[in-house]
Amino acid sequence: MKRFLLTIVVLLLVGTGVYLYLNRSDSSDGTAPAMAGAPPAADVIARGEYLAKAADCAACHTVPGSDQVFAGGVPFRLPFGTIYSSNITADAATGIGGWSDDDFVRALHDGIGKHGEHLYPAFPYNSYTLLSRSDVLAIKAYLFSLPKVSEPNRPNELSFPYNQRWAIGFWNAAFFKSQRFQPDATQSAQWNSGKYLATALGHCAECHTPRNFAFALDHRQEFAGEVLQGWRAYNITADPAHGIGSWSDSDIASYLSTGHADGHGSAAGPMAEAVENSLRFLQPVDTSALVAYLRSVPARAGLDPIAVDTKPAPALASSDYAPAGDAQANAQGLKLFEGACASCHQWNGKGQQTPYASLLGARGVNDVRGNNVTQILLHGSGQRSEGASVFMPDFGNAYSNTEIAALSNYVIGHFGNKQGMVTPDDVAERRKQL
Amino acid sequence: MLSLSVNGQSYPVDVPDDMPLLWVLRDVIGLTGTKFGCGMAQCGACTVHLDGQAVRSCVLPVEAIGNRAITTIEAVGNTPSGQKIQQAWLEVDVVQCGYCQSGQIMAAAALLARTPQPTDQDIDAAMAGNLCRCATYVRIRAAIKQAATGKAEILQTIGSTPEGAVS
């Protein structure tokens with residue numbers, strides 16, 4: 001019996017040791033590579049503003065369209081419940097006004113809140129842990145320079161066991177490593193700053209990298225594409241068929257900074273938000289660095305790879321104003337497109353009102369599951385930026401699930417030259433995800 | 001300050017960049033012939049021409065226009081196809097309540113300009129996005145054909161066959 005108890009105690013001690021070892025914090029400050037938009041000599045608040053934009057804090061912490069900047073409350077509907085983002089204004093009672101520099105750094109570097117509580121990994125501390133302390137504090141200085149908003153945080157709606165914050169300690173032990181960005185001396189300065197932008201700041205992986213059974217990022221499949229909140233974040237590896245390997249540098253730069261690249265379609269949904277809130281503010285030199293890094297991401301096909309047909313026969317057979325080359329199977333979809341879509345997108349997919357309405361070469365219309373096509377039809381799409389504000393209305397209230405499915409499959413057939421597989425049940429499911 | 005070319009005239013307009021063209025036409029420039037219908041490119045009432053192409057002005061942010069020439073219902077009669085279409089519209093007496101008709105005429109004029117002899121299929125594809133709650137569709141089709149051929153279209157009239165008879 002004594003021996004048994006001793007074994008238990010030893011196991012507990014070893015377990016605690018392993019837990020603490022795996023949860024150890026990297027307390028180093030780290031250094032960030034040079035970025036054109038945030039030179040070290042710049043005013044700390046101006047630097048913080050650029051970094052906060054590059055890190056796209058607004059995407060999660062500002063309700064779209066709200067003037068309560070950084071007051072939180074954006075819902076994230078995950079498979080196990082809903083998480084609401086928090087108020088990160090300097091309001092002492094409801095925001096982070098009472099946080100010290102070390103509190104703020106600990107949150108970004110280790111995912112731990114002011115009161116020692118674990119933050120949910122929906123907050124991308126898995127990426128922000130790479131930021132240098134000086135960059136983190138510049139972001140804090142910027143946030144604290146903005147108006148305070150009194151807005152209490154909304155409690156999360158998570159089911160057991162996901163509402164147990166302490167459990168994240170074990171998740172962190174398994175999947176999270178506190179560490180600063182390590183420059184790669186064998187690569188150029190441009191590549192290093194691109195990597196810092198893509199990983200530490202832009203946290204591209206949070207959407208574009210597949211997740212494992214425990215919802216942790218599977219970095220062996222870095223940037224190979226994933227479906228999150230009903231939207232598909234596309235493969236952005238160098239794979240020429242399924243990723244962006246065949247895009248030119250200027251195509252990628254244009255897509256990142258304007259949300260559109262001729263021959264590749266336009267960003268919608270969360271990517272349009274990323275362009276609107278973040279990527280369009282990058283200085284051209286920094287965008288080029290980001291492109292240089294993305295170019296170097298090893299090619300991977302990913303799950304359910306999408307092959308883009310750049311010369312879809314039906315669309316090429318059509319004129320600006322009249323359809324041709326369609327299989328007769330989907331008369332309902334054709335009729336809907338004729339009435340609701342053709343006047344802006346045109347039958348050959350060139351896009352009449354604006355280049356943003358072009359469909360040729362877009363990955364959405366080449367995805368036989370039609371994830372993003374149905375999302376855009378149901379919820380609309382839009383993007384505001386300098387020089388281009390574009391929008392497409394939502395059709396979720398106008399059309400039934402059967403109609404949206406028929407229209408999606410028609411669009412996939414006509415502009416992707418593929419047999420769409422969207423069912424009315426899929427549409428019903430995607431309706432729930434806004 | 002943007003400068004718009006509307007019906008051959010240049011208008012400097014001081015409006016937000018993302019204001020839809022329809023608002024600028026009606027509320028700023030004062031050309032109220034173009035109508036607001038649904039506000040989401042679904043009914044066609046707001047159709048105008050941009051370099052001769054029919055576009056829905058209610059979803060067209062004014063900054064996206066650039067220096068392309070805008071033509072509205074007020075001036076479409078100065079174009080050859082618009083002139084033919086308006087004449088046929090009168091002869092066939094297409095209009096019922098009239099609200100959608102400026103959009104219908106703009107869409108039909110654009111069709112005729114690019115396809116001088118449209119088939120039924122061409123007409124369907126071009127006009128499907130223009131709705132008419134009075135259901136003047138039969139007369140619209142007839143008027144487009146009449147404008148194309150210059151020959152009077154014989155409209156299907158209500159028969160005098162007695163009720164219950166097989167025709």
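Helices (H or I, at least four residues) and strands (E, at least two) are DSSP runs, numbered from the N terminus. By this rule, chain B holds five helices and five strands. The order of these elements from the N terminus is β-β-α-β-β-β-α-α-α-α. The model is predicted: local features need pLDDT of at least 70, side-chain atom pairs count only at pLDDT 80 or more, and totals for chains, interfaces and linings use all residues. Residues are numbered from 1 along each chain as its sequence is written, while chains are lettered from A and ligands numbered from 1 in the order in which they are written.

The C-alpha trace of chain B spans about 65 × 30 × 25 Å along its principal axes. Chain B has 167 residues, and 44% of them are buried. A residue is buried if 20 or more other C-beta atoms lie within 10 Å of its own, exposed if 12 or fewer, and partly exposed in between, with C-beta atoms placed from the backbone. Two residues are in contact if their C-beta atoms, placed from the backbone, lie within 7 Å. Among the contacts in chain B with a separation of 6 or more, 59% join residues 24 or more positions apart.

Chain B is assigned two domains, domain 1 (2-71) and domain 2 (76-149). Such bounds come from an automatic or database domain assignment. The centres of the two domains, taken over C-alpha atoms, are 20 Å apart. Across the boundary, 15 residues of domain 1 of chain B are in contact with twelve residues of domain 2 of chain B. On the domain 1 side, strand E3 (47-50) and strand E4 (53-56) of chain B each give two or more residues. E3(B) gives the most, with three residues. This side divides into five nonpolar, nine polar and one charged residues. Ala, Val, Leu, Ile, Met, Phe, Trp, Tyr, Cys and Pro count as nonpolar, Asp, Glu, Lys and Arg as charged, and the others, Gly among them, as polar.

The strands of chain B form an open sheet of five, in the order E2-E1-E5-E3-E4, with mixed pairing. Two strands pair if DSSP finds at least two bridges between them. Strand E2 (9-13) and E4 of chain B are the edge strands, each pairing on one side only. From one strand to the next, the twist averages 40°. E3(B) and E4(B) run antiparallel and are joined by four bridges. B:Leu50 has B:Gln53 in E4(B) as its bridge partner.

Two helices of chain B pack on this sheet. Helix H1 (residues 21-29) touches strand E1 (2-6) and E2, and its direction makes about 90° with that of E2(B). Helix H3 (residues 101-114) touches E3 and E4, and its direction makes about 35° with that of E3(B). Axes are lines fitted to C-alpha atoms, for helices over the stretch in contact, and angles run from 0 to 180 degrees between N-to-C directions.

Chain B also meets chain A. The contact takes 20 residues from chain B and 18 residues from chain A. On the chain B side, E4 and helix H4 (120-127) each supply at least two residues. E4(B) provides the largest share, four residues. The chain B side divides into eleven nonpolar, three polar and six charged residues.

In chain A, helix H14 (residues 331-340) and helix H17 (residues 401-416) pack at about 85°, with their axes 8 Å apart. H14(A) is therefore roughly perpendicular to H17(A). Angles under 35 degrees count as roughly parallel, over 145 as roughly antiparallel, 65 to 115 as roughly perpendicular and the rest as oblique. Residues making this contact include A:Leu334 and A:Phe337 of H14(A), and A:Leu407 and A:Tyr410 of H17(A). By class, the contact has seven nonpolar, three polar and one charged residues.

H17(A) also packs against helix H18 (residues 424-431) of chain A, where the axes come within 8 Å and cross at roughly 110°. These two helices are therefore roughly perpendicular to each other. A:Asn401, A:Thr402, A:Ile404 and A:Ala405 in H17(A) meet A:Pro424, A:Asp426, A:Val427 and A:Ala428 in H18(A). The residues of this contact divide into five nonpolar, two polar and one charged.

A:Ile404 lies in helix H17 of chain A. This residue counts as buried because 27 C-beta neighbours lie inside 10 Å. Not counting residues up to four places away in sequence, A:Ile404 touches A:Thr374, A:Leu377, A:Leu378, A:Tyr399 and A:Val427. A:Ile404 and A:Gln332 are 72 residues apart in sequence, and their C-alpha atoms are 10.0 Å apart in space.
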